[in-house]
Amino acid sequence: MADPNVVLSNPAQAGATREQELIARVQRGENELFYELVRPYERRVYAAALAILRNESDAEDTAQEAILKALANIRQFRAEARFSTWLIQITVNEALMRRRRERKGMVEGIDDRRDDEEEYTPRDFADWREIPSEALERKEVRQKLAQALATLDRKYREVFVLRDMEQLNIQETADALGISVASVKTRLLRARLMLRDLLAGGWEQGWFSRLPFEKGTKPWST
Amino acid sequence: MVNVSCEQVWREISNYLEGDVDAALRAAMDEHFRACKKCASVLQGTRNVIQLYSDERMIDVPAGFGRRLERRLAQIARGSGWSTWSAWLVPVAALVLIAGGVRVANSVAVPHPLLSEHAQPGRDIPPGMLVVVSAGAKDFHVLGCPFIHNKDKERTLTAKEAIDQGYVPCVRCMRKYLQTADSGTISLESEGDAYADADEPSGKR
């Protein structure tokens with residue numbers, strides 16, 4: 001009997017091969033293929049810029065500039081790196097530069113520069129009520145999650161977005177933000193625990209109950 | 001078996017989910033989660049949070065984002081297509097012109113007046129080449145040129161757009177595209193070479 005894993009791995013393998021082929025062709029000057037190459041990542045590029053800039057218009061400008069910069073520097077891309085990671089790192093760099101320009105002269109808050117020395121203690125210990133992925137089909141659920149993320153301090157939000165949404169690894173996240181691996185780990189822990197508390201606390205206080213669901217039902221199972 | 005407290009578990013829970021704890025600590029934490037409902041809830045919730053936010057559906061992009069990006073990239077691609085053809089067209093055209101005895105004083109059309117009256121317009125610059133201009137400056141540069149003034153206000157555009165807006169080539173990083181009075185040669189070197197030149201110390205020239 002055929003190994004089902006072989007069948008399942010083929011699309012991903014085919015995608016990776018196609019990506020390598022596209023990179024090689026764009027590096028040889030076929031710029032018209034570049035959009036096909038970046039299209040799978042355009043959402044992630046935008047999200048990375050938005051996490052840093054928190055303004056949709058600036059995030060779009062920056063995301064597009066970053067993609068143009070990636071095209072201009074495509075010959076410097078080396079196959080040992082993941083293309084998506086390289087693209088996100090360019091974007092983060094562009095977004096940080098833009099933020100620095102816009103905040104020139106402003107003194108950065110002390111909280112932005114150092115990690116909290118106090119450990120974060122979870123606040124909610126009630127049984128966790130699983131929110132399944134299917135719930136994300138509902139715009140209201142996505143909005144609630146986005147609102148929770150937006151309440152985090154910048155330093156926690158950036159690390160969380162790069163690691164957990166953009167799928168950079170810890171070292172890549174540290175490199176992209178110019179902070180230490182230890183800081184990434186500290187901030188990531190805090191971000192994850194805070195989000196858990198925000199969602200659990202919200203649930204207990206009924207953040208889903210404000211949504212148009214029948215009382216007593218799980219919103220994601222409707 | 002090593003025992004761990006709830007506080008230790010909370011401190012390490014993110015590393016645990018990353019697979020970044022040693023085997024002894026992992027075993028101790030697994031044991032703790034079996035016995036402690038509070039920490040099991042923290043683990044379950046944290047794992048759920050990561051799973052939800054890592055979903056592509058969590059990223060909303062503004063309407064038309066992809067279309068605007070595609071259009072911008074298509075403009076650049078059209079420009080670079082000219083650049084590929086130019087490798088053949090320019091020498092052929094030059095031969096035809098020489099054979100016919102026709103002299104063209106200045107074949108580069110400059111729709112806007114040059115921003116600098118001392119500047120040279122440049123020759124055979126690939127129109128799709130990405131260049132950088134900055135506010136208050138009159139010249140355009142290859143990306144990464146160390147002679148860009150006012151880097152805080154720089155923006156990227158194609159060489160054609162820069163020329164149309166009256167910018168002139170940087171005399172350092174774009175020098176291969178500048179026609180000198182005595183040489184009159186046409187350079188067809190690549191953008192990459194231009195970039196490499198920009199890194200040379202100016203004293204070498």
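**Chains A and B: a short chat**

Visitor: How much of chain B is buried?
Guide: Of its 205 residues, 26% are buried (20 or more other C-beta atoms within 10 Å of the residue's own, C-beta atoms being placed from the backbone). This is a predicted model: local features need pLDDT of at least 70, side-chain atom pairs count only at pLDDT 80 or more, and totals for chains, interfaces and linings use all residues. Residues are numbered from 1 along each chain as its sequence is written, with chains lettered from A and ligands numbered from 1 in the order in which they are written.

Visitor: What secondary structure does chain B have?
Guide: Chain B has 6 helices and 4 strands (DSSP runs numbered from the N terminus: H or I, at least four residues, for helices; E, at least two, for strands). The order along the sequence is α-α-α-α-β-β-β-α-β-α.

Visitor: Switching to the interface. How many residues of chain B are in contact with chain A?
Guide: 39, and they touch 49 residues of chain A. Contact means C-beta atoms, placed from the backbone, within 7 Å.

Visitor: Which elements of chain B give two or more residues there?
Guide: Helix 1 (6-18), helix 3 (37-53) and helix 4 (65-99) of chain B. Helix 3 of chain B gives the largest share, 12 residues.

Visitor: Now chain A. At what angle do helix 5 and helix 9 pack?
Guide: About 30°, with the axes 9 Å apart. Axes are lines fitted to C-alpha atoms over the stretch in contact, and angles run from 0 to 180 degrees between N-to-C directions. So helix 5 of chain A is roughly parallel to helix 9 of chain A (under 35 degrees).

Visitor: Which residues of helix 5 of chain A meet helix 9 of chain A?
Guide: A:Thr85, A:Ile88, A:Gln89 and A:Val92. Their partners in helix 9 of chain A are A:Glu172, A:Ala176 and A:Leu177.

Key. A residue is buried if 20 or more other C-beta atoms lie within 10 Å of its own, exposed if 12 or fewer, and partly exposed in between; C-beta atoms are placed from the backbone. Angles under 35 degrees count as roughly parallel, over 145 as roughly antiparallel, 65 to 115 as roughly perpendicular and the rest as oblique. Two residues are in contact if their C-beta atoms, placed from the backbone, lie within 7 Å.
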